[in-house]
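Hello,

Here is the structure for your files. Please open it in your viewer and keep it beside this message. My notes follow below.

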Amino acid sequence: MTGRTIALAVLISGNGSNLQAIIDNCERGAIRARVACVVSNDAQAFGLERARRAGIPTRVLPHEGFRERAAFDAALADILDEYDPDLIVLAGFMRVLGPEFVARYPNRIINLHPSLLPKYKGLDTHARALAAGDKTHGASVHFVTADLDGGPLIAQASVAVEPGDTVESLQQKVHEKEHEILPRAIGWIADDRIRVVGGRVLLDGRAVAH
Ligand code: GRF
């Protein structure tokens with residue numbers, strides 16, 4: 001992926017503030033990437049509007065129309081392959097993708113997760129960090145493997161959990177970090193600086209510090 005602009009497919013389910021951060025970074029030339037398409041499993045997702053405003057093709061694939069996960073995944077792959085993306089970015093995409101889908105795009109799917117993985121895989125991460133009395137919390141970007149929220153870590157950023165923090169205040173702080181680390185990770189991949197060796201991510205040949 002050197003010497004050219006990589007094509008991204010961004011998958012969303014909601015507000016799309018992270019999609020917006022990607023679009024903004026692409027538009028100002030901060031990363032050598034372009035968003036080739038945005039796919040949402042929810043027709044009401046505001047992120048679709050963000051994409052339309054930026055002139056990006058959008059597709060909606062409602063998961064309710066599929067009885068089996070594998071059928072949804074296959075339909076999603078058909079859509080994505082129309083746009084021939086170099087990288088598939090899960091930016092607030094609230095569906096689990098099955099092993100066949102993941103195997104189809106090895107080391108070509110990344111996910112943003114609102115916790116300092118391996119802590120708090122799954123849902124309700126902010127509430128869980130608060131309930132545990134954690135002093136730090138944060139966000140992670142990782143390659144997607146069949147191991148849910150368990151793939152090789154590319155980037156993380158932490159925030160301080162302060163007295164009086166709520167789920168909402170913590171979410172806000174984590175979001176600000178997400179808007180930095182997701183475009184940064186995409187930029188590294190676009191610049192061909194990332195390798196996955198033995199299940200670990202190397203940046204410029206060195207293990208990324210977490
Ligand atoms: C982010 O917090 C992400 O970590 C989580 O869903 C949220 C999406 O936010 N998986 P947005 O739609 O990008 O604003």
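**What I found**

Three strands make up an open sheet, ordered S8-S9-S10, with antiparallel pairing. Strand S8 (194–197) and strand S10 (206–207) are the edge strands, each pairing on one side only. Keep in mind throughout that this is a predicted model. Strand S9 (residues 200–203) pairs with S10 over two bridges, in the antiparallel sense. Leu 202 has Ala 207 in S10 as its bridge partner. Strands of a sheet pair through backbone hydrogen bonds, either parallel or antiparallel.

Asp 192 is partly exposed, at a relative accessible area of 28%.

**The ligand site**

Which residues are around the ligand? They are Asn 15, Gly 16, Ser 17, Asn 18, Gly 92, Leu 112, His 113, Pro 114, His 175 and Glu 178.

- Gly 16: a polar backbone atom is 2.8 Å from an oxygen atom of the ligand.
- His 175: a polar side-chain atom lies 3.1 Å from an oxygen atom of the ligand.
- Glu 178: a polar side-chain atom lies 2.5 Å from an oxygen atom of the ligand.

How much of the ligand does the protein bury? Taken alone, the ligand exposes 360 Å², and the protein buries 86% of that.

After H1 comes Gly 29, with a positive phi near 75 degrees.

Now H2, which spans residues 46–53. Gly 47, Leu 48, Arg 50 and Ala 51 are buried there. Seen down the axis of H2, these buried residues fall within an arc of 160 degrees, so they line one face of the helix. They pack against strand S1 (6–12), helix H1 (17–27), strand S2 (33–40) and strand S3 (58–60). Gly 55 follows H2, and its phi is positive, near 75 degrees.

S5 and S6 run antiparallel, joined by four bridges. Ile 110 stands opposite Phe 143 in S6. Strand S6 (residues 136–143) is mostly covered, with seven of its eight residues buried. S6 also pairs with strand S7 (residues 153–160), again in the antiparallel sense, over seven bridges. Here Thr 136 has Ala 160 in S7 as its bridge partner.

**From S5 to H5**

The loop between S5 and H5 holds Pro 118. A cis peptide bond joins Leu 117 and Pro 118, with omega at about 15 degrees. Asp 124 is found in this loop too. Its phi is positive, about 55 degrees, although Asp 124 is not a glycine.

Is Asp 124 buried or exposed? Asp 124 is exposed, because its relative accessible area of 58% is over the 50% cut-off.

Thr 125 lies in helix H5 (residues 125–131). Thr 125 is buried, because its relative accessible area of 3% is under the 20% cut-off. Which residues does Thr 125 touch? Not counting residues up to four places away in sequence, the contacts are His 113, Pro 114, Ser 115, Tyr 120 and His 137.

Best regards

Key: Residues are numbered from 1 along each chain as its sequence is written. This is a predicted model: local features need pLDDT of at least 70, side-chain atom pairs count only at pLDDT 80 or more; totals for chains, interfaces and linings use all residues. Side-chain values use heavy atoms; hydrogens and water are left out. Buried means under 20% relative accessible area, exposed over 50%, partly exposed in between (1.4 Å probe, protein chains only). The arc is that of the directions from the helix axis to the C-beta atoms. Contact means heavy atoms within 4.5 Å. Two strands pair if DSSP finds at least two bridges between them. A residue is near a molecule or strand if one of its heavy atoms lies within 4 Å of it. A polar contact is a pair of N or O atoms within 3.5 Å; within protein, one must be able to donate a hydrogen and the other to accept it, and residues adjacent in sequence count only if both atoms are side-chain atoms. Accessible areas come from the Shrake-Rupley method with a 1.4 Å probe; for residues, only the protein chains shown count as cover.
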